[in-house]
Amino acid sequence: MPDQSKQRIVIISVDGSHHSKQAVAWAKTHVVQPSDNVHLVTAVHPKTDPAHSLGLYLRVPLAMAPGNILKAPNMHAERAEWEKDEAARVACATDMLREYSQQLCTEATITLRVLTDDESPGAALVKYADTIKADLAVVGSRGMGGIHRKIASLIGLGSVSDHLVHHLHCPALVVKSKDKHISVQDQAHAPDDTLGAQEASSS
């Protein structure tokens, strides 16, 4: 039986989907303890900074050429618009996390974190989990079938849950939704990527 006096660090990864809502509900009932430190986390991949786009690189010499100097401020305007858009996306993601926090409704300590790393959501979540030394990560599954999962993997579009299971250095709990019935696939692995899987019903 786990030591409930120890404060575990539990990550719950969410993305606004009903799969995430069900994962939070399952975690609330079966995982989260009052002594836990729960991190509700979502990843927002930033859009391309206009300062790094090829088009702007090509326009810079033209903007600075004699007679075209007045075009230069347009870059600043585009960058300001980009920053405004990114701030709005982060604010929206934060509001989403607050809603999940209300759904969780627990005595546990809750931290809301929006990751804006310029990498895939899975990689950003693994990095964050390592940084805070997470004891457990919970994530919903979109229920991708075997064939679709294989195709997605081949073209580099594997699911976030798959990435977490294979790259996290802590146990990963994948909550799978099947219609109105929720089951859980407890996929935990050691740092050497030894993978163990166990399916259990929530009912």
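Me: What share of the contacts in the chain with a separation of 6 or more joins residues 24 or more positions apart?

Reply: This is a predicted model, in which local features need pLDDT of at least 70 and side-chain atom pairs count only at pLDDT 80 or more, while totals for chains, interfaces and linings use all residues. Residues are numbered from 1 along each chain as its sequence is written, and side-chain values use heavy atoms, with hydrogens and water left out. Among the contacts (heavy atoms within 4.5 Å) with a separation of 6 or more, the share from residues 24 or more positions apart is 67%.

Me: In what order do the helices and strands follow along the sequence?

Reply: The chain has six helices (DSSP H or I, at least four residues) and seven strands (E, at least two). Read along the sequence, their pattern is β-α-β-α-α-β-α-β-α-α-β-β-β.

Me: Which element has the lowest mean pLDDT?

Reply: Strand 1, at residues 9-13, has the highest mean among the elements, 96. Over residues 179-203 the pLDDT stays under 50, although the model has 62 contacts there beyond four places in sequence. With a mean of 32, the lowest element is strand 7 (residues 195-201).

Me: Which element gives the most residues to the lining of the largest cavity?

Reply: A cavity is a set of 1 Å grid points where a 1.4 Å probe fits but cannot get out, and lining residues have an atom within 4 Å of a point. The largest cavity is lined by I11, S13, L125, V126, A129, A137, L164 and L168. Strand 1 and helix 4 (121-132) each give two or more of these residues. With three residues, the element that gives the most is helix 4.

Methods. pLDDT = per-residue confidence, 0-100. 1 Å grid on protein atoms, 1.4 Å probe; cavity = no way out; pocket = protein on both sides within 12 Å on 5 of 7 lines; lining within 4 Å.
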